[in-house]
Number of protein chains: 2
Amino acid sequence: MVPILSIVGKSDSGKTTLIERLIPELTRRGYRVATVKHDLHGFDIDREGKDTWRHKQAGAHTVIISSPNKLALIRETDRDHSLDDIRRAFVRDVDIIISEGYKNDTQPKIEVSRAAQQQELLCDPRDNLVAIASDRSHDRGVPCFDINDAAGLADFIVKRFLLERALPKVALRVDGADISLTPFVQNFMLGTITGMIGALRGVGSPRQVEILVDRGVEPAKRG
Amino acid sequence: MVPILSIVGKSDSGKTTLIERLIPELTRRGYRVATVKHDLHGFDIDREGKDTWRHKQAGAHTVIISSPNKLALIRETDRDHSLDDIRRAFVRDVDIIISEGYKNDTQPKIEVSRAAQQQELLCDPRDNLVAIASDRSHDRGVPCFDINDAAGLADFIVKRFLLERALPKVALRVDGADISLTPFVQNFMLGTITGMIGALRGVGSPRQVEILVDRGVEPAKRG
């Protein structure tokens, strides 16, 4: 599982600016970053008149545009996705996901706070707060970094989220719903699956395995 | 596997227009459609100054914006993805994928052709051509529809791609590479997996199962 870290804080506290500074620090350390922006009000991203815009206007649920160096996707959804949903369904080939917002999600958080703007923090360690970035000191039992110390925060993130994860992980989703698995069941499934596919041509000692079973859609059952 | 159908044809033959007409016809019949546009020249989609644009400018590999009714993703890629790649990695919860372009991909194709614009078709049945939409008749051994007959084409698509698929399918990807599976191996894996997960709480008689095994990334090995 790719680790997720949320940058939270009041409006205009400097979340986007901190993320802009963290990305190059993490990139320089050899990690690939995905970002997730939470927008509760909806957003416009496609441009009127483009082919993808025309597909969407015609009622496509999902539109994708793919070129040799970039891919973009826009899709409808019927609920506000959790960060875990987003990781599972859409994020590939990165080392860490940094989200902007998602204060109420369960993922680990760094809170950004500026004295001129607020006295109280939004989060405490019960909210899975792991660090603070601020222009004054806070005593919440978690490390507090200067709001401009992106390098120090990046070192903290690497140590906390990127170096200390080596355990095998198995995730299972059935008909779109996550099934929770105990470590015992994960290890059982890991052994069964790696054993089952080990004899197939092209399978050596895999780091990542994805299996998709699709027994076929019964058409026109939806809507 | 969600079926894929490519709408191909020369530039300005009317591909986008045909897709715009097919989407509501398929939607009306109860199917959800995803579209994929092939763009060999690159494209701009995000807007300067937006938070997602700032994340991307700072070097994020992937940026996502998520709201309760829409989700968008923009990511870098190092190659031109096949339609199968795109289906596997990015498409969820739809019944059919209609692509615009991808003449050289292996997926089934409908060619759009207008007499005023071209005499010869681009494809023949060896290219997996399954139908033609044109303002004149063509004899290529596949059905030829009037270019304006979106309803007739939609009926054809439903019959050909949506009603006639009921077989269990298992797809396996190891460290990002597709592993081809014989029907025997697919059935073996299907039985093993459904047996293995059948006793778990929350798993009834699943239609779709996704399993992700991730034994952990060794950090900073990349780049």
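Mentor: Start with B:D93. Its relative accessibility is 43%, so B:D93 counts as partly exposed. Keep in mind that this is a predicted model.

Trainee: Where in chain B does B:D93 lie?

Mentor: In a loop. B:D93 sits between α3 and β5 (96-100) of chain B.

Trainee: What should I look for in its backbone?

Mentor: Look at phi. Most residues other than glycine have a negative phi. B:D93 has a positive phi, near 65°, and is not glycine.

Trainee: Where does A:Y102 lie, and is A:Y102 buried or exposed?

Mentor: A:Y102 belongs to the loop between β5 (96-100) and β6 (109-113) of chain A. Its relative accessibility is 5%, so A:Y102 counts as buried. B:D93, by contrast, is partly exposed.

Trainee: How do I read burial for a chain as a whole? What share of chain A is buried?

Mentor: Use the cut-off: buried means under 20% relative accessible area. In chain A, 56% of the 223 residues are buried. The chain has five helices and eleven strands. Its C-alpha atoms fill a box of roughly 60 × 50 × 35 Å along the principal axes.

Trainee: And for one element? How many residues of helix α3 of chain A are buried?

Mentor: Eight of the eight. Helix α3 (residues 83-90) of chain A is therefore largely enclosed by the rest of the structure.

Trainee: What do charged side chains do when they meet?

Mentor: Side chains of opposite charge can pair when their charged atoms come close.

Trainee: Why are A:R87 and A:D84 about one helical turn apart?

Mentor: Count the positions. The two are three residues apart in helix α3 of chain A, so about one helical turn separates them.

Trainee: Which salt bridge links distant parts of chain B?

Mentor: Take B:R173 and B:D85. Their closest N and O atoms are 3.6 Å apart. B:R173 is in strand β9 (residues 169-174) and B:D85 in helix α3 (residues 83-90) of chain B, 88 residues apart. B:R173 has a relative accessible area of 9%, so it is buried. B:D85, at 13%, counts as buried as well.

Trainee: Which salt bridge joins the two chains?

Mentor: Look at B:R54 and A:E20. Their closest N and O atoms are 2.8 Å apart. B:R54 lies in helix α2 (residues 51-57) of chain B, and A:E20 in helix α1 (residues 15-28) of chain A, so this pair joins two chains. B:R54 is partly exposed at 22% relative accessibility. A:E20 is partly exposed too, with a relative accessible area of 25%.

Trainee: Now the surface. Which residues form the positive patch?

Mentor: A patch residue has over 30% relative accessible area and no salt bridge. Here A:R47, A:K50, B:R47 and B:K50 form a positive surface patch. Take A:K50. Its relative accessible area is 38%, so it is partly exposed. A:K50 is in the loop between β2 (33-38) and α2 (51-57) of chain A.

Trainee: Last one. How far apart are B:L190 and B:T106 in sequence and in space?

Mentor: In sequence, 84 residues. In space, 26 Å from C-alpha to C-alpha. B:L190 lies in helix α5 (residues 183-197) of chain B. At 8% relative accessibility, B:L190 counts as buried.

Notes:
Residues are numbered from 1 along each chain as its sequence is written. Chains are lettered from A and ligands numbered from 1 in the order in which they are written. This is a predicted model: local features need pLDDT of at least 70, side-chain atom pairs count only at pLDDT 80 or more; totals for chains, interfaces and linings use all residues. Side-chain values use heavy atoms; hydrogens and water are left out. Patches are made of residues with over 30% relative accessible area and no salt bridge: like charges are joined within 9 Å, nonpolar side chains (Val, Leu, Ile, Met, Phe, Trp, Tyr) within 5 Å. Accessible areas come from the Shrake-Rupley method with a 1.4 Å probe; for residues, only the protein chains shown count as cover. A salt bridge is a side-chain nitrogen of Lys or Arg within 4 Å of a carboxyl oxygen of Asp or Glu. Lys and Arg count as positive and Asp and Glu as negative; His and the chain ends are not counted. The place of a charge is taken as NZ of Lys, CZ of Arg, CG of Asp or CD of Glu. Helices (H or I, at least four residues) and strands (E, at least two) are DSSP runs, numbered from the N terminus. Buried means under 20% relative accessible area, exposed over 50%, partly exposed in between (1.4 Å probe, protein chains only).
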